[in-house]
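Please look over the sequence and the model shown below before reading on.

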Amino acid sequence: MTQPLNPENGSDKYMVPALERGLRLLQEFGRGSRTLGAPELARRLELPRATVFRMLNTLENLGFLERVNGGNEYCLGMAVLRLGFEYLSSLELTELGQPVIARLCDDIRHSCNIVVRDIRSIVYVAKVTPETPLTSSVRVGTRLPAHGTVFGRVLLADMSLSELRVLYPEERLEAFSANTPKTVLDLFNLIEADRERGYVFDQGFYEASISTIAAPVRGHTGHIVAALGSAIPAPQVDREKVEGLVQRVCAAAEELSSLLNYRPHMSVAAGAQVLFMPDR
């Protein structure tokens with residue numbers, strides 16, 4: 001079964017069941033389930049197979065699904081891609097943020113990203129990469145687990161322990177590396193320290209060969225709306241370089257926050273104390 005579309009909103013008073021089922025069906029497709037057939041979808045959604053066939057036919061006619069080689073398996077269609085691009089193009093965040101991370105990338109010569117949170121996942125919405133032979137598997141639209149990534153730690157920093165427990169009701173969190181927090185309390189303690197610091201710098205947190213620096217981007221309400229940062233293709237970063245990299249990332253995050261009409265009482269970039277976080 002898929003997770004609720006918006007578990008943070010407890011009201012289902014105005015939900016349209018048929019529309020909800022159709023959207024849940026689309027959510028079943030992903031990197032690990034690129035193609036699916038009616039029997040498997042019926043099992044996952046706990047719906048009659050005849051109902052799933054009608055949903056598949058409707059979504060296929062609208063272009064949200066396509067048959068694979070004319071058979072009985074389906075994959076996501078171009079209409080989903082068009083919606084994704086329309087969403088990204090409508091974001092003030094990406095329009096204002098793209099030039100900011102482009103300048104940051106030119107300055108530090110490392111890949112720079114803007115990332116937002118979608119419930120328990122992070123989604124890359126903007127990316128600039130320097131002209132180097134090194135390539136990254138991360139693209140705009142890539143989704144990763146929030147609790148297991150540096151960007152996710154930044155994006156969860158506004159949440160209280162009780163809110164995190166609602167988001168992660170399980171006793172043990174799924175592990176993606178030796179550094180992944182094991183419980184919600186471990187995660188909360190980690191992001192508490194991140195929040196006090198004003199940014200996150202960690203080495204090998206999600207991928208052993210990548211070090212990441214990230215800082216929060218806040219909107220006009222003061223809430224975190226995105227994380228801005230850089231991925232450095234090195235398991236260890238020279239201590240002498242860390243301070244300069246952190247200051248530039250924090251300054252870029254502050255610049256984007258200002259463009260989004262956030263007016264802090266104190267500059268994060270100016271007030272942040274640079275701490276070196278050794279690999280755990």
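Helices and strands are here DSSP runs, a helix having at least four residues and a strand at least two, and they are numbered from the N terminus.

The model is a predicted one. By that numbering, proline 130 lies in the loop between strand 5 (121-128) and strand 6 (143-145). With a relative accessibility of 10%, proline 130 counts as buried, because the cut-off for that class is under 20%.

Leaving out residues up to four places away in sequence, proline 130 touches Cys105, Arg109, His110 and Ser111. Cysteine 112 is 18 residues from proline 130 in sequence, and their C-alpha atoms are 8.8 Å apart.

## The chain as a whole

The chain holds 10 helices and 9 strands, and buried residues account for 43% of its 280 residues. Of the contacts between residues at least 6 apart in sequence, 57% join residues at least 24 apart. The accessible surface is about 15400 Å², and 53% of that belongs to carbon and sulfur atoms.

In helix 1 (residues 17-27), the residues Glu20, Gly22, Arg24, Leu25 and Leu26 are buried, and their cover includes helix 2 (38-45), helix 3 (49-61), strand 2 (65-67) and strand 3 (73-76).

In soluble globular proteins, nonpolar side chains tend to be buried together. Here the largest nonpolar core has 32 residues, of which Leu93, Ile114, Val217 and Leu228 touch the most other members. At least two residues of this core come from each of helix 5 (92-108), strand 4 (111-118), strand 5, strand 8 (211-218), strand 9 (224-232) and helix 9 (239-259), and helix 9 gives the largest share, with 8 residues.

Apart from this core lies another one of 27 residues, among them Ile122, Val150, Leu156 and Leu164.

## Aromatic rings and charges

The count of aromatic pairs comes to 2. The rings of tyrosine 124 and phenylalanine 151 have centres 5.8 Å apart and planes at 75°, so this pair is edge-to-face; tyrosine 124 belongs to strand 5 and phenylalanine 151 to helix 6 (residues 150-155), 27 residues apart. Tyrosine 124 is buried at 7% relative accessibility, and phenylalanine 151 is buried at 3%.

In the other pair, phenylalanine 176 and tyrosine 206 have ring centres 6.0 Å apart and planes at 40°, so the pair is tilted. Phenylalanine 176 is partly exposed at 31%, as is tyrosine 206 at 27%. The charged end of arginine 153 sits over the ring of phenylalanine 205, 4.6 Å from its centre, while that of arginine 197 sits over the ring of tyrosine 199, 5.9 Å from its centre.

Technical notes. Residues are numbered from 1 along each chain as its sequence is written. This is a predicted model: local features need pLDDT of at least 70, side-chain atom pairs count only at pLDDT 80 or more; totals for chains, interfaces and linings use all residues. Side-chain values use heavy atoms; hydrogens and water are left out. Buried means under 20% relative accessible area, exposed over 50%, partly exposed in between (1.4 Å probe, protein chains only). Contact means heavy atoms within 4.5 Å. Accessible areas come from the Shrake-Rupley method with a 1.4 Å probe; for residues, only the protein chains shown count as cover. A nonpolar core is a set of buried Ala, Val, Leu, Ile, Met, Phe, Trp, Tyr and Cys residues joined through side-chain atoms within 4.5 Å. Rings of Phe, Tyr and Trp (its six-membered ring) pair if their centres lie within 6.5 Å; planes under 30 degrees apart count as stacked, over 60 as edge-to-face and the rest as tilted. A charge sits over a ring if NZ of Lys or CZ of Arg is within 6 Å of the ring centre and within 35 degrees of the ring normal.
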